[in-house]
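Could you have a look at this one before we set it up? My notes are below the model.

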Amino acid sequence: YNWVSAAEFADSIGADIINSSLGYITFDMPQHNHTYSHMDGSTCIVTIGADIASSKGILVVNSAGNSGSNMSFPYIGAPADGFDVFSIGAVDAGGNRAPFSSIGPTFDGRIKPEVMATGFGTALASSNNSFGNGSGTSFSSPIIAGMSACLWQANPSMTNMQIKEAVKLSADKANNPDVYFGYGIPDYMLANSLLTTLDKQKPEK
């Protein structure tokens with residue numbers, strides 16, 4: 001409910017993109033815990049809220065989660081299971097999947113995560129004016145959110161879902177997605193070319 005309230009505020013002030021480095025699985029009160037069966041895109045409050053935000057035209061980018069090494073629950077957390085939520089996994093600088101990066105599919109069988117970005121040994125700026133490295137899908141998700149913002153600026157007539165689809169189609173596993181990498185690592189130059197071609201195909205007004 002806190003996440004949904006924050007998304008409502010973001011919408012009210014005109015936000016176009018939400019990066020959410022959060023995944024809801026376990027809670028302080030165990031009766032609220034989510035199971036894998038809840039990761040169906042329709043059950044969790046936060047997931048429903050995230051998809052509503054997407055329906056308002058916001059590009060919702062969310063960390064897949066860091067449960068990939070958890071044998072009992074290696075799956076994505078909510079709201080990464082959302083139908084329209086852009087779910088992001090983590091790779092290292094060499095393009096290898098980080099072992100902790102949560103996997104799919106959703107409980108109803110959809111491909112998640114959708115794309116991957118550097119989330120292992122990611123360069124970080126700290127609050128004490130220094131730089132370092134860190135690991136987690138919390139760091140790969142904002143990379144995709146930021147790059148997608150640039151892509152959208154270059155193609156302002158496109159919708160949030162057109163931006164998302166172009167990024168997916170540009171990725172290196174787009175022809176053979178799987179539950180570990182999703183559609184793979186995006187190529188934003190290619191994504192821009194795809195959107196430029198789409199824009200040129202629009203009928204004249």
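The points that follow go from the whole chain down to one residue.

1. Ground rules first. This is a predicted model, where local features need pLDDT of at least 70, side-chain atom pairs count only at pLDDT 80 or more, and totals for chains, interfaces and linings use all residues. Residues are numbered from 1 along each chain as its sequence is written, and side-chain values use heavy atoms, with hydrogens and water left out.

2. The protein chain has five helices and six strands, which are DSSP runs numbered from the N terminus (helices: H or I, at least four residues; strands: E, at least two). Reading from the N terminus, the order is α-β-α-β-β-β-β-β-α-α-α. The radius of gyration is 17 Å, close to the 17 Å from the globule rule for 205 residues, so the chain is as compact as a globular protein of that length. That radius is taken over C-alpha atoms, and the rule is 2.2 Å times the number of residues to the power 0.38.

3. Taking contacts (heavy atoms within 4.5 Å) between residues at least 6 apart in sequence, 71% join residues at least 24 apart.

4. Now zoom in on Thr47, which sits in helix 2 (residues 45-55). Is Thr47 buried or exposed? Thr47 counts as buried, because its relative accessibility is 0%. Leaving aside residues up to four places away in sequence, Thr47 touches Gly41, Ala78, Pro79, Asp81 and Gly82.

How values were computed
Buried means under 20% relative accessible area, exposed over 50%, partly exposed in between (1.4 Å probe, protein chains only).
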